[in-house]
Amino acid sequence: MPSFPIADDYARARGLPSDLPPERPPAPILKGQAALVTGASSGIGRAIAIGLARAGARVAVNYRKSAAEADGVLAEIAADGGEAIGVQGDVSVEDQVEAMFARTVAAFGALDILVSNAGLQQDAAFDEMTLDQWRRVIDVNLTGQFLCARAAVRQFKAQGLRPEVSTARGKIICISSVHDVIPWAGHVNYAASKGGVMLMMKSLAQEVAPLRIRVNSICPGAIRTPINTQAWSTPEAYGALMDLVPYKRIGEPQDIAQAAVWLASDYADYISGINLYVDGGMTLYPGFEEGG
Ligand SMILES: NC(=O)c1ccc[n+]([C@@H]2O[C@H](COP(=O)([O-])OP(=O)(O)OC[C@H]3O[C@@H](n4cnc5c(N)ncnc54)[C@H](OP(=O)(O)O)[C@@H]3O)[C@@H](O)[C@H]2O)c1
């Protein structure tokens, strides 16, 4: 388990428990299911791929360029006794998405779970944002979600129900963000992409629920990954971040992984079309704790 001195110091100074969540023993609640996790070579996607595998799923680990990191995820899953394959592909490119789904189904014989996690930021003040920055973020964060969800729904429809592994015909989890509802100055492209994911997810959930396909989003708050290093890597930045987090610790990738495992499982069978905020209360308007 890595140690995070800045977060530990912050907690200690306030008499709070360690900010590291304890390891939970995995339960095999996804046994026999096949999953594809996009953007699984780093951060949240990596933790989700490992979490799904520990819960018994066979996992396709998608990455775009970080082959060595994806290999590391495969090795970690194998060391745990799990089964996984690497599938390269850019989620914003239609034929690459089709190819990575085809590879996954060829390897596992089916697909039961898609976790559509790949995402990026290209930040700029609004009047300095280039059309390329706008397009790249929309292409990956929103169009990528569309292409992957469409490929998953086609596969779920073609393969039918697999009652031996799940009550649902298929599950799609979109990794969105608290910025699907919290406006974010300097990140207009990112917030627009995540806001788009919300109504794409809900409209799709409504459309495919009669087929017993469940579609939901997980909306992370501030999670310690390479995407947002500047927000947690100095004591000053970490302290300022905590003003936005009522629970007073940064989120760890495994916080999202645990939610994803549960949401993909039959324990969440009656849940469709929700945004599950995993954010330590960031969406509770912490500025009103003492104001208003
Ligand atoms: N960290 C947070 O605080 C936070 C909060 C809210 C929401 N999120 C969301 O959570 C998701 C994961 O973020 P993260 O923090 O884990 O970021 P990260 O550590 O930077 O990882 C991003 C992952 O996405 C992959 N990726 C990027 N562009 C891709 C593309 N076009 N096709 C396929 N894969 C691509 C990357 O693979 P390559 O390196 O191979 O390109 C990498 O595996 C994103 O959707 C992000 O918006 C994160």
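A charge sits over a ring if NZ of Lys or CZ of Arg is within 6 Å of the ring centre and within 35 degrees of the ring normal. Arg224 meets this over the face of Trp232, at 5.5 Å from the ring centre.

A word on the source. This is a predicted model, in which local features need pLDDT of at least 70 and side-chain atom pairs count only at pLDDT 80 or more, while totals for chains, interfaces and linings use all residues. Residues are numbered from 1 along each chain as its sequence is written, and side-chain values use heavy atoms, with hydrogens and water left out.

Now the ring pairs. Rings of Phe, Tyr and Trp (its six-membered ring) pair if their centres lie within 6.5 Å; planes under 30 degrees apart are stacked, over 60 edge-to-face, and the rest tilted. The whole structure holds two aromatic pairs. Tyr10 and Tyr238 have ring centres 5.4 Å apart and planes at 70°, so they pair edge-to-face. Tyr10 belongs to helix 1 (residues 5-13) and Tyr238 to helix 7 (residues 235-242), so the pair ties together parts 228 residues apart in sequence. Helices here are DSSP runs (H or I, at least four residues), numbered from the N terminus.

Buried means under 20% relative accessible area, exposed over 50%, and partly exposed in between (1.4 Å probe, protein chains only). Tyr10 is buried at 11%. Tyr238 is buried too, at 1%.

Trp184 and Tyr190 also pair edge-to-face, 5.6 Å centre to centre with 70° between the planes. Tyr190 is buried at 9%, whereas Trp184 is partly exposed at 28%.

Terms used. Helices (H or I, at least four residues) and strands (E, at least two) are DSSP runs, numbered from the N terminus.
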